[in-house]
Amino acid sequence: MARRYSWILAAAGAMSLLVAGCGSATTSSSSSSSAPIKIGVPVPLSGSYASAGEDIVDGAKLAAAKINGSGGVLGRKIQIVPVDDACDAQTATQAAQNLVSQNVTAVAGGYCSSASLPELQVFHSQGDLPFVLDASTNPQLTELGYNDVFRTIGRDDEQGPFAANFIANFLHAKKVVVMDDNSTYAVGLQQDTVKALKTYGITATVQHLTPGQSDYTSVLTQINQLHPDVLYYTGYFTEMGLLLKQAHQLGYKFQMVGGDATNDPTVLSTAGSAANGFMLTTAPLAQFLGTAKSYVTEYTQKYGHAPGPYSVYEYDAVSVLAQAIKNADSTKASKINAAIGKIHDFKGLTGTFSFNKIGDRTPAVYITLRVVNGNFTAYKELNDAGQWVSVK
Amino acid sequence: MSVFVQYLVNGLTIGSFYALVALGYTMIYGIIRLINFAHGDLFMVGAFAGWLVVAAGAGMHLPVAMQLLLALLVAMVVVGLLAMGMERVAYQPLLKSSRLAILITALGVSLALENGAMIAFGAGFDTYPANILPLSGFHLFGAQVGYVQVAMFGLAILLMAGLYLFVQFTPVGTAMRALSFDQDAARLMGINVEGVVLITFLLGGSLAAASGVMMGLYYTQINFMMGFLMGLRAFTAAVLGGIGNIPGAMVGGLLIGVLQSLSAGYISSQWQDVIVFAVLILVLVFKPTGLFGERVVERM
């Protein structure tokens, strides 16, 4: 009798193992001088964050098309090689090895910091392949001291203080709960925000949730007992939509603010009218960037939907790589890395920027958005004097 | 007190979704001793079928109540038929071979359904219209109870009661129970074993589909992987209640929902699965047949 049950449980365990990822391996055959220059794009293309990954690949493809349209780089075309990292460390390692085996010249992409971390370790160990991050904002990624890691987006320890400033000085909150989803990215942003809130005299309560569930009512009920003014959620959009909807159903009134990973239309379609009034801190969307107007039109025409939050940063990441390869006049990794480091005042779609010593973008920009009538609209930003003003 | 009631209400809502899926596990196990790992994916297919119907219904400007009813019925029928097809194609040829062969086949069917849905509907999230159901509710002992929660719970109980009555009081139900005791003896008594097994899959699939549509409507987000976690939890519920036992699956499902909700509320959501499985292990240690399971003569 007991044997039967142990067998059942073993089978359940086997089932959960089987679901862990499977990468697709494509054979490669390149390296003549007229063959395209391959740029790898590791992003989640399956699982909860697949839609964000697809948008990033589309952004990369638009950049490649633009570069190839004006003659390519070093007389060669740019070819985008997307690969699925499933937002999972283990799959990401395989995905990165897959890119290496396909002889990519450089890498531009990444979405979940927890996947980008193992990826950049693979690229670093395989001859310092240049890796320009477009969406992974965990500070650790550039703090490792690798000379082949760059990013076109700000980092969490810049977003954290920004969010804390917004919560304390604009929302005038007294009681704050900061919640993460235990992912590398969300925990990093949570810690930076909590630390920054302390400088405003606010002691935030920290909460965690387990992503991938459908029901967060118990977590919300627990939070509501603290009677907070603001709940800052540093996790991803899938859970944010559910949190908004379920808090509304439960009749809870605290203001919810999300981190930049909640910047996705899924929040609106999941929560419906419950999303109205929701605010988030984010690097500006392409729609709110004066420099990216034509990109938004072109993207929307080609793919039939608005560009996701990060595709424009991916566009810049691919453009930076192309520029660096051109400047280096070589596809050798070490020369490209040096060339990226020397890029100064690059005029990208996301503004004019350079890279500092460790590869981070300077200056970084953040704004807040608010949902009005079921749409994300630009809300407040900090002006040079440190005051909160409406985004023009 | 009010908070406890709130956790209880939330737990019963999600538990009723688990219970509906757990019934399919338990019925199929009871009759052909197969743990149908693809059962959670039938739940997922049901959610997508209902989603398509709601989208089509909205396109034709049908009244909301009509859309919901159609979504539920169409999903139940489609998935019921799919489950029958699954049994015919994948399981029936293997009924006489080793249990391991059929178990691996079930895993294969599960992966086929998941990846099929990913190809058909994409890898991201699809959403039911967020405002199709009212968000309002009432207060009960200080807890906020949504009308939708009551409706979902009521519908689940209704379906479960219907199933129970069917199994207890109809000729087919009697045949199902006979099969669960001894297939060969049942066949000798003139019972159409293949037919009854097919009907079991039809019923299990329909209930899973109903749960899928209800969960889609309630939480709005649906995804090709949603059946995996559900399958695991519902299977746990079936084992907790005593696999093969119908009231056991119902109670097991509700219990797991409530346990999850309470542990997420009073301890931490990170611990909810740890606690649920700890309880499962404890129950199995002291009562290896589950809460309601009866000791049956081991065959094979």
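The model is predicted. Within it, B:Val79 makes contacts beyond its neighbours within four places in sequence: with B:Leu42, B:Val45, B:Gly46 and B:Ala49, and also with B:Gly205, B:Ser206, B:Ala208 and B:Ala209. B:Val79 is also among the residues with the most contacts inside the largest nonpolar core.

**Nonpolar core**

- The largest nonpolar core comprises 224 residues.
- Besides B:Val79, the residues with the most contacts inside this core are A:Ile39 and A:Leu321 from chain A, and B:Ala19, B:Leu23 and B:Ala75 from chain B.
- Helix α1 of chain B, spanning residues 2-32, provides the largest share of the core, namely 16 residues.
- Chain A is represented through both of its domains, since domain 1 (37-154 + 289-359) and domain 2 (157-282 + 367-390) each contribute at least three residues to this core.

**Domains of chain A**

- Chain A is divided into domain 1, covering 37-154 + 289-359, and domain 2, covering 157-282 + 367-390.
- Taken over C-alpha atoms, the centres of these two domains of chain A are separated by 28 Å.
- Contact between them involves 14 residues of domain 1 and 15 residues of domain 2.
- On the side of domain 1 that touches domain 2, helices α2 (50-69) and α4 (113-125) of chain A each supply at least two residues.
- Of the elements on that side, α4(A) gives the most, with three residues.
- The composition of that side of domain 1 is six nonpolar and eight polar residues, with no charged residues.

**Interface between chains A and B**

- The two chains meet through 43 residues of chain A, which are in contact with 40 residues of chain B.
- The side of chain A that touches chain B receives at least two residues from each of α1 (2-19), α2, α8 (217-224), α9 (237-250) and α10 (265-271) of chain A.
- The largest contribution to that side comes from α1(A), with eight residues.
- By class, this side of chain A holds 17 nonpolar, 24 polar and two charged residues.

**A β-α-β unit in chain A**

- Strand β6 (residues 176-180) of chain A pairs with strand β7 (residues 205-208) of chain A in the parallel sense, over four bridges.
- In this pairing, A:Met179 stands opposite A:Gln207 of β7(A).
- Together with helix α7 (residues 184-198) of chain A, β6(A) and β7(A) form a right-handed β-α-β unit.

Definitions and conventions:
Residues numbered from 1 in each chain as written. Chains lettered and ligands numbered in written order. Predicted model: local features only at pLDDT ≥ 70, side-chain atom pairs only at ≥ 80, totals over all residues. Core = buried A, V, L, I, M, F, W, Y, C linked by C-beta atoms within 7 Å. Buried ≥ 20, exposed ≤ 12 C-beta atoms within 10 Å, placed from the backbone. Domains from an automatic or database assignment. Contact = placed C-beta atoms within 7 Å. Nonpolar A, V, L, I, M, F, W, Y, C, P; charged D, E, K, R; others polar. Pairing = 2+ DSSP bridges. Right-handed = clockwise from strand over helix to strand, strands pointing away.
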